[in-house]
Amino acid sequence: MKNKLTPYLLVSPYIIHFILFVAFPVTFSIVLTFHKWNIISPMEYTGLTNYIRLFSDATFWKSLGNTLVFLVIHIPLQIIVALLIAEILNQNLKFRGFFRAAFFLPVVVSGVVVTILWQQLYGFDVGLLNRLLVKIGLSKIGWLTDPDIAMPSIAIMATWKNVGLYVILFLVGLQTVPSHFYEAADLEGATRWQKFFKITIPMINPTIFMVVILSTIGGFSLFIEPYVMTGGGPLNSTISAVLYIYKQGFFYYHMGYASTLGIFFAGIILLVVVIQKKFVERD
Amino acid sequence: MKKAIFYIVLVIAALLFIYPFIWMIAASIAPENEIGTLTLLPSGFSLDSYFQMFDKIPIGRAFVNSMIVASSITLGVLVLGSMVGYALSKLEFKGRDLIFYIIIFTMTLPFQITLIPQYLLIVKLGWVDSYMGLIMPYLMNALGIIMFRQYFKTIPQDLIDAARLDGCGELKIIFRILWPNSIPALVTIGIITFMASWNEVLWPLIVIRDEALMTMPQLVTLFAVGGRADSQLGVKLAAAVMLALPIIIAYLFFQKYFIQSMASSGIKE
Amino acid sequence: MKKLYSKNISFVILVLAMTFLFGCQDSDNGKENEFIYWSSNNSNEIDYARQIVKKWNDSHADYFVKHQPVPEGQSSEEVILASVVGGTTPDIYSNMWEGDVEAYAQAGVLIPLDTLAGFMEFLYARCDSSAIEEVRSQNGHIYQIPWKINPIMLIYNKNHLAAINLDSPPRTYSEFMEAGKRFKKDLDGDGYIDQWFGYSEVLVTWWQRFFDFYPLYLAASGGAPLIKDNKANFNNKYAVEVFRFLRELYRNNYFPRERLSARQDPFLSGVIAIRFTGPWEIAHAEQYKPEGFEYDFTSMPVPDSSDSIPYTYCDPKNTVIFNTCKNPQAAWEFLKYSMTEENDLLFLEVTNQLPRRSDLLENVNFDSYFERNPMMRTFAKQAKHVRGTDQTPVLKEVFDLISQEYEACVIYDRKSPEQAIEDAAKAVNLLFLD
């Protein structure tokens, strides 16, 4: 009575979509890596030239390094801040809903808005942050003009934007910790910090790993923040891998080379995520 | 005492998160020459920046474009995603596991790998500067399918069997029987998808060149980066406010759902 | 019931398949005696194009021109590229940046205009020989008509210069330094300079160098090319001098390293006294300047040893005919018509941009315009000493490489000018290897 074709009809939109927007592009991308192509002229086979160029392309390695700098600052900062806020919110306080909503606000707003906003906060001469610093007698900081500070500045901004989401995730995690654990610890006279490190942290370890993986994936796709704020400068210190691929592809129309960068970078991402997942599974 | 400290910390932190938005709104309605030195309250109130912005860029049109694109994508992801999710969770057929693994695999695939060739595909299909170019690649969403599959698994098979006995077709089962019983999943997937496509910038920047078809975040990005704002800061901030406002308003009304949805998308992944 | 629903499924798939099929654009470019003409989408130029097209259509019954502003987009260059890729190019496009032409010419999508009857005669009558050589493609053909220019010059705030006791704007590098020293100030007393002599965009984006390094290099070198015979030609003392001059400006805080463009207009708000810009600044200044604000233009600064009139970059936009055009000779007749004396004057009046013709100041027909627009006369004088771009398909890459070194040396002082220019030249030469 049941039509045998029905399940296939139901999944067919997915199959079509997969072939068109995943399988074909991935295959084509691999083909492109062996070619030079600016879209308007015919494709030109160049063998391994693109790969050779990639390995000697200082800007690309710089962009990978920048992405790493971003992750190294962004992830720990995110976890510490989110955990701290979540821990406080988890106490029995009034207006919890309000605070939770406030921290979550930047999460829903477009990254473009956040970036335009922080560009004003980060201004060297008249930016709000520097005016504040001068007022309390400190010296100004070149938030976006100092090559050593620009990427950390962007990482701080990204943390501000995303931390609300991780506060919620940690809150969920914290609520799964059985309260009798704490009661037992209280009987043994444990301090608040001891309880935090001996009970809370191990219990919410899965959440921490999840946050690490999510922010890693997010960090690898860093684009709009440097695109709007710094254009990748100063001295290429904020050019992210995606921004560099975008520039190669859509500024200079080096489609073959941009594909090569894309494939290589995607390989790195897969590798990192797989390693991280292995860690999680081992625990 | 301890609680007082907590409150102080929370209030300061909350201010850090809200103040910039308030400043942005205040600056956008301040006279242009005051913005630079403005901390909070402008001396006068002026909508000049907004009028100028409306004059320079078709932001209303961009809003409509964004609505069309985000709604179409959301609808597509809900309808098509639930079809696939249903087949994968409630029907037996050859190749089912294969498809499931393909979906899982595509979830791990970074978008950076398909960015360039997908653009070239759009070019070949003639979809540069069209809604198609913006919508089609996002009409399917692996996460959405997986979430539907998980959710439908929790729905008792009896319900479906009973419907079949009544002569319901598969589509009717999905949309008449499963959907009313899956409101939380629909809301969650709907909100995540809508938010993600509403805020997407990179893809529109790549496939849309015609200003009349630009989405709101794209238009505002180009306005902020390019020279069209004539170096008038107030105008840029006004554009940013316009971009933020729809989502903030929606968020204020459906705050609970937003937070739950986003959190559960994180947990499931 | 069940059947109905499986029918619905096939319908869904059908719709999906249809949408894929009908996504394609049709590339029909119209009839043989009808032309599609794209102009720039700047409102003055749209206005001009409408007038000229109406005049033509009223007086020429045999060929009909249909005008359309280039679709507004991220940049007109990108829109043109998309149309080339999609096969939807217009017959005529009048706003092609000179530096883009060579790539399109090599891709074979442009008509070599020198093969059309009457073209070379017209060109020799309109332009001086250096302009003609400038637009000649590497293969010897000419694919573009030099159409309009907007020379980059030095704009200065008269009141600011008067305040530091300068009667005339600085001409040489030393005068520039002296003026910078006198002008920079810490107005709010927080220990940081907040009034600088000038500003130039610090972003490393390749075309930003059209507003600082490139015109200064042309000024110093008397209009020398960057690229010659597929080799870097800029590794010379002029480029080094320009880098050193600019580096001193940043070192001494006469120019800020911060992106002032993310703030309000620094020139009109008085935060700076000069910048390098084109005639479009006039309309902008007239619209937004505060009361009592006075400004004027002068040539780019030059090394102390130089005493000739400085060259500059002129941001040339030219006219091309795409190979989708069915009757290029007739399209050319329309273009020739649009560049008669009378119609060039119309262009000047409506757009306040300079037609690229050599007799702007000598031809009495233009007198009354320059009488009414004295600042434009300054630009017209400068127009005798301008350069466009070198004809090479890798121009963007060349400027990008120079810009990278510019940032390292000029703005961040990480390299000596000599080293930076040498490194840029080496990298540029690598571009031509394959």
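Both faces of strand β12 of chain C are covered. K317(C), T319(C) and I321(C) on one side, and N318(C) and V320(C) on the other, are all buried, a residue being buried if 20 or more other C-beta atoms lie within 10 Å of its own, exposed if 12 or fewer and partly exposed in between, with C-beta atoms placed from the backbone. The model is predicted: local features need pLDDT of at least 70, side-chain atom pairs count only at pLDDT 80 or more, and totals for chains, interfaces and linings use all residues. Residues are numbered from 1 along each chain as its sequence is written, and chains are lettered from A and ligands numbered from 1 in the order in which they are written.

**Strand β12 and its partners**

- Strand β12 of chain C spans residues 317-321; strands (E, at least two residues) and helices (H or I, at least four residues) are DSSP runs numbered from the N terminus.
- Strand β3 (residues 92-97) of chain C pairs with β12(C) in the antiparallel sense over four bridges, where pairing requires that DSSP find at least two bridges between two strands.
- In β12(C), K317(C) stands opposite W97(C).
- Strand β4 (residues 145-149) of chain C is also antiparallel to β12(C), with three bridges, and P146(C) stands opposite N318(C).

**The open sheet of chain C**

- Four strands of chain C form an open sheet of mixed pairing, in the order β6-β9-β5-β10.
- Strands β6 (196-199) and β10 (295-298) of chain C stand at the edges with a single partner strand each, so one side of each has no neighbour in the sheet.
- Neighbouring strands of this sheet are turned by 20° against each other on average, direction ignored.
- Strands β5 (residues 153-157) and β9 (residues 272-277) of chain C run antiparallel and are joined by four bridges; L154(C) stands opposite F276(C) in β9(C).

**The largest nonpolar core**

- The largest nonpolar core has 277 residues, of which V167(A), A239(B), A240(B), Y217(C), V242(C) and I321(C) touch the most other members; such a core is a set of buried Ala, Val, Leu, Ile, Met, Phe, Trp, Tyr and Cys residues joined through C-beta atoms within 7 Å.
- Domain 1 (34-151 + 315-379) and domain 2 (153-313 + 394-431) of chain C both contribute residues, so this core lies between them; the domain bounds come from an automatic or database domain assignment.
- Neighbours within four places in sequence aside, V242(C) is in contact with F213(C), L216(C), Y217(C) and A220(C), contact meaning that C-beta atoms, placed from the backbone, lie within 7 Å.

**The contact between chains A and B**

- Chain A gives 64 residues to the contact and chain B gives 63 residues.
- Helix α1 (residues 6-32) of chain A gives the most to the side of chain A that touches chain B, with 17 residues.

How values were computed
Two residues are in contact if their C-beta atoms, placed from the backbone, lie within 7 Å. Axes are lines fitted to C-alpha atoms, for helices over the stretch in contact, and angles run from 0 to 180 degrees between N-to-C directions.
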